[in-house]
Every structure is written in structure tokens, then in C-alpha cells.
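Subject: The structure, and what turned up in it

Hi,

Here is the structure for you to open alongside this message. Below it you will find my notes, written so that you can follow them with the model on screen.

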Amino acid sequence: MSFIEITPQQAWDMAQQGAMLADVRDLQRFTYSHPQGAFHLTNQSFLQFEEQVDFNSPIIVSCYHGVSSRNVATFLVEQGYENVFSIIGGFDGWEKAGLPVETAY
């Protein structure tokens, strides 16, 4: 079992259908701007994440450029999550695709 890499547009479409969108970037960058509706997934918020997400629910991981999200996606698969995805290009790709973001300003 492994994760699947998807485009930002596919991620947005899945999020609209109820998939959990998890942003793993640092707090400062997440607070400044993140994909609309994203959950800030950190070591500190993982227990809260586990309470909200079933093992068979789709989970989409986003990072800066689509590299560290692969590591987090692998970790989630190892924890027993079955439908894990990583966004190709990360948040950078998300912004370039013109998808909705939430910002601090």
C-alpha cells in the first residue's frame, strides 16, 4: 500500500467532495496563506487529526513544493490510512493553478 500523487486541481476537486486536505508547512507560512479549508498537520496536531479522520477517508497532503508531503504521506500509510494522496508541486503548484487560498491579510 502506498500513496498516490495527484495534481492540485484533482486535490481541489477531491476536497470539494469531502477529502481531508492537510497542509504540513510550518506555522508561519500556513498562517500567512494555505489552501482553502486545509487542516494544519503537525506533530502537535496529529492527535486532533486522528480524531477527525477515519482510516479509509481520503487524505491529501500538501507541503511547499511536493517533496516533504511524500514523506508525510508515507508516514500516514504506515499508520494505517488507506487513501492517501500527495499534491504534485505542493502549495506552490496550488497557487500556480489559481486554486482558492485563505490568507492572513
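This is a predicted model: local features need pLDDT of at least 70, side-chain atom pairs count only at pLDDT 80 or more; totals for chains, interfaces and linings use all residues.

Is Ser-69 buried or exposed? Its relative accessibility is 0%, and because buried means under 20%, Ser-69 counts as buried. Leaving aside residues up to four places away in sequence, Ser-69 touches Val-61, Ser-62 and Cys-63, and also Ser-86 and Ile-87.

Now for the chain as a whole. The protein chain has 5 helices and 7 strands, and from the N terminus on they follow the order β-α-β-α-β-β-α-β-α-β-α-β. The C-alpha trace spans about 35 × 25 × 25 Å along its principal axes. A compact globule of 105 residues would have a radius of gyration near 13 Å, and the 12 Å of the protein chain agrees with that. Of the 105 residues, 43% count as buried. If you take the contacts between residues at least 6 apart in sequence, 71% of them join residues at least 24 apart. The exposed surface comes to about 5,800 Å², with carbon and sulfur atoms supplying 50% of it.

Five strands form an open sheet in the order 1-6-5-2-4, with parallel pairing. Which strands stand at the edges? They are strand 1 (4–6) and strand 4; each has a single partner strand, so one side of each is left without a neighbour in the sheet.

With strand 4 (residues 39–40), strand 2 pairs in the parallel sense over 2 bridges. In strand 4, Phe-39 is the bridge partner of Ala-22, while His-40 stands opposite Asp-23.

Helix 1 (residues 8–16) comes next. Which of its residues are buried? They are Pro-8, Ala-11, Trp-12 and Ala-15. These residues cover an arc of only 100° around the axis, which puts them on the same side of helix 1. The buried residues of helix 1 pack against strand 1, strand 5, strand 6 (83–87) and helix 5 (90–96). Just after helix 1, Gly-18 takes a positive phi of about 105°.

Finally, the annotation. UniProt, in an unreviewed entry, lists residues 15–103 as "domain: Rhodanese". In the model, the end C-alpha atoms of residues 15–103 lie 18 Å apart, and the span is 37% helix and 25% strand.

Best wishes

Definitions and conventions. Residues are numbered from 1 along each chain as its sequence is written. Side-chain values use heavy atoms; hydrogens and water are left out. UniProt positions are given in the numbering used here, feature names are shortened, and annotations may be inferred rather than shown by experiment. Helices (H or I, at least four residues) and strands (E, at least two) are DSSP runs, numbered from the N terminus. Two strands pair if DSSP finds at least two bridges between them. The radius of gyration is taken over C-alpha atoms; the globule rule is 2.2 Å times the number of residues to the power 0.38. Buried means under 20% relative accessible area, exposed over 50%, partly exposed in between (1.4 Å probe, protein chains only). Contact means heavy atoms within 4.5 Å. Accessible areas come from the Shrake-Rupley method with a 1.4 Å probe; for residues, only the protein chains shown count as cover. The arc is that of the directions from the helix axis to the C-beta atoms.
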